[in-house]
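Student: Please take me through this structure with a few questions and answers.

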Amino acid sequence: MSFILRRISTTKTGKQIIRDAPLPGDAITLGREGSNTIHIADLAVNPHHATISSADGRHVRVQASEGLGFDINGRSVDVADIDSAAGAELRFGGHRLTIAREGDAIILLVERIDELSQSSKDVDEAKAFSLQGVMPGKRVGAWTFAILMLLAFLVGPIWAWQTYKNVDERPKGYHADTAWMSGPLSSAHANLKNDCQSCHVEPFVAVTDKACVGCHTGEHKAMSAAHANAPTAMLLAARAPKGTGEKILASFASAFNRPEGRCVECHTEHEGAGPMPATPQKFCADCHDGMNGRLKAAGHPTELADASDFGTGHPDFRPLVRSAPGAKPVRTLMTKGLADYNGLKFPHDMHLQATGGVARMAASFRGRYDFGKKLECANCHKPDADGVRIKPVEMERDCAMCHSLAFETVGGVTRTLRHGEPDQVVADLTAYYRSTPPARPLQLGGMERRRPGQYAEGQVYNIYFREVAVRPSRAADAVRAVFSKGGACYDCHTISPPAAGNGWRVMAVNQTPRFLEKGWFDHDAHRETECADCHTMAEGSKASTDFLVPGLRQCRDCHVGEGGARLFKVETATESPCAMCHEYHSDGGKPWMPPAQRKKNTAFITKQPSRDTYTVSQITGRTGRNLYNVTWRTPALQATEQGG
Amino acid sequence: MASLFSNLFRGGRRSKATQTERVRERRHEGFLRYANFRWAKISGGLCLLIIVSYALVDVTPRHNGGSWYGYTLGTLGAGLILWLTALGYRKRKMTSDYWSLKAWTSAHVYLGLSLMVIGTWHTGFQLGWNVHTLAWALMMLVILSGLYGIVVYATLPQALSNNRDEMTQMQMLEAIRAFDRQLHSAAQPLTPQDTAPVLKALDEDPFAGGIGARLSGRYRNCATAAALHALAGTGTSDPEAREKVVGLLKQKQAALGRLRQHLKIRALLEIWLYVHVPLTFALIAALSAHIISVFFYW
């Protein structure tokens, strides 16, 4: 029995050289140390790793000696019995020991099969030194990302649209096509944010008016009253001819199936949360700029004046005025000296003077009313509840603080003449004179005995008792005084004296509540401006027929066109699109404007007129000012003198 | 701009072109300063034109992608994105005349940068959580990664060259292999306890480590460093043999450090393409969804 150690080495040319060396002894040691029979220079092999022995020259026993085992057929063992005729492969570290039998000899073939170190392995330079080895491929990434994008943002939304095509309201939850939303919907449409199909009904068809009027069945249907009655030919003729750029845009619009003139052209959506923006000026000016001439040329003459921009091209105002007492109100072009007859006499100049009787009277009432050193506009003119307009002047509320109608105090209660009812005034005064004696002179009081001489002509008794006798007939005198020059009624009203069958008559008062009917003026929006800044002529106005509503020129002191166009020097310019004053859909209403552009009224609404204003007894005061109390005086009536 | 193009297409162009090409090569003109910054000027002018016209054009109620101006910019931007992507095709295609790859790259870089203005001004600065903004964001990421690429291409090759010290990368690896062989034989006399760390060091793959290790250059579980640490202390083997192994381990560590620094710089040079290219295709997909969505919900 003998062991033969076979070593195979490979030359540079690839030729294999086999060297066999017989090994002495029955037991062969194997290890890293040089003293071993088989010396394997492998750090993974112990210095004395194993002993190989054979008892019968055929069966080989391999025994690991230092704890570290070896591999046989892929399994790690410490001892193995091998039939050399069958052969076996054992692994020690990076080496392979093959046991075979040739004739009588047992062949031990030792070869290095593993690389010496990890770095000694062959590498693909291009791959190993670049990121290819550690990153997923760019191509894989590109495909993955692209497919994910298409699934999430193209297939998903289209699927969502297909699923809910004819549904009014989608169930709650995520719908993939909301990822297509280009911007938040306006607050009015915010609840539609999950229901894309409610406006985008057909794919590749631009949003139609039909989708709008499906919900907007009322006032917003199609067009305003003024425009809806116009024939289509006229509306088309009104449009400004297109320029080259617009023609190009229109050709693109028609090529991409985007018809003009749809609701959404003015009412743009997906422009951000909050209210829809006000319609820009160009949507009005497109037609109204130079429209008069175009319509005339097209055979649709119109009275409408051209309007292009508030700052530069706006027709003069045409307020509603009564050109004569009792005339019907007619829209009249605003010219200098325009008169409006409302039936009242009221000199603004006298009431607004800083000195003089009115100012002194106002000053004397300071503390009782909100008067200053003189009268202000707001002392008599009160805004209505929403602050938009000024209420018509009311006698009891706005005049009676000074112009009292009190005539008697009974037990601390002041009686006043009935305003607005001349017949009642006559009746009250007559009754007053019939029922009340003249004031009793002091001399007639007390229990003291009186001397007879006092009854003589011209003496106190005589005068008093004659006054008592004629007292009832004084009524007619007082009535005449009230209705005549210097009297309480005559001062403010136009009076017609009694004629056949009629008593005293007061001409009806017609205060126009709104002078500018086509535009919307909001006093509240201007509350930080002094009244006189716009109503410039009030301070100098001597007659109530003077028309004191400001004209276009005054507006333009602050208001310029939408784009800032102006004819005059403006210090604080307010850019004013048409929609600031004009309402398209519902004529007569307040033009719609986003709340951010509106200013909330606080001063006017909270500053109510004082309670005093409404209580007549409080107006005249507890003591009463007795303006109509006829006092002791020498009789002036001839009839009494003569008839006794 | 007209004169720029007429120069290109005029007759007798070739002899003149080769002449200028020679001058360029002599001056070592890169894609950034190609043709005296021709494309930088063109795209700069384009950006200026867009910014100025954006301010001048009156779009009601406000600028957005859906106005005529927005559609113009959008069409321009989408076309540009497709053309910029075509660089990937162009660079694989060898041509000898019209549009050298350098010219193409120069145009790619500068027009790509101008896309930041075109795309952003196309949005009208209205951004939200939707596919439209997604496309914009992807576009910006692609451009920014490209910008990073330009910066590292301009700065890192110097560092790469300094680190290389006139070695090729295979020579760097070969040095490690040599130290491994020496280590292997030097470690033979060591005791089994001492050979274990050496064996681990030999078993270490110099290219191991994920993308994080590549980019940072820090390898926390480095077996060579661990072996050095283990053998530098007291060991059981013959001190002389151990000292020799320790010396070799130090040398191997230095060689490994150089290789790892090389790998780090290369990773920094290459990583942007792993963002740039996949995101470009994500962008093209998102852009398609963006365009189709606009027409679908027209």
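Student: Which residues does Leu263(B) touch, not counting residues up to four places away in sequence?
Tutor: This is a predicted model, in which local features need pLDDT of at least 70, side-chain atom pairs count only at pLDDT 80 or more, and totals for chains, interfaces and linings use all residues. Residues are numbered from 1 along each chain as its sequence is written, while chains are lettered from A and ligands numbered from 1 in the order in which they are written. Two residues are in contact if their C-beta atoms, placed from the backbone, lie within 7 Å. Leaving out residues up to four places away in sequence, Leu263(B) touches Phe129(A) and Arg214(B).

Student: How far apart in space are Leu263(B) and Arg214(B), C-alpha to C-alpha?
Tutor: Leu263(B) lies in helix 12 of chain B (helices, H or I, of at least four residues and strands, E, of at least two are DSSP runs, numbered from the N terminus). In sequence, Leu263(B) and Arg214(B) are 49 residues apart. In space, C-alpha to C-alpha, the distance between Leu263(B) and Arg214(B) is 6.4 Å.

Student: Is Leu263(B) buried or exposed?
Tutor: A residue is buried if 20 or more other C-beta atoms lie within 10 Å of its own, exposed if 12 or fewer, and partly exposed in between, with C-beta atoms placed from the backbone. Leu263(B) has 25 other C-beta atoms within 10 Å, so Leu263(B) is buried.

Student: Which helix supplies the largest share of the side of chain B that touches chain A?
Tutor: On that side, 58 residues of chain B are in contact with 48 residues of chain A. Helices of chain B that each supply at least two residues include helix 7 (131-164) and helix 8 (169-186). The largest share, 21 residues, comes from helix 12 of chain B.

Student: Why do the buried residues of helix 11 of chain B line one face of the helix?
Tutor: The buried residues of helix 11 (residues 223-232) of chain B are Ala223(B), Thr224(B), Ala227(B), Leu228(B) and Leu231(B). They line one face because, seen down the axis of helix 11 of chain B, they fall within an arc (that of the directions from the helix axis to the C-beta atoms) of 140°.

Student: Which residue of strand 16 of chain A stands opposite Glu408(A)?
Tutor: Strand 15 (residues 406-410) and strand 16 (residues 413-416) of chain A run antiparallel and are joined by four bridges; two strands pair if DSSP finds at least two bridges between them. The two strands form a hairpin with two residues between them. Opposite Glu408(A) stands Arg415(A).
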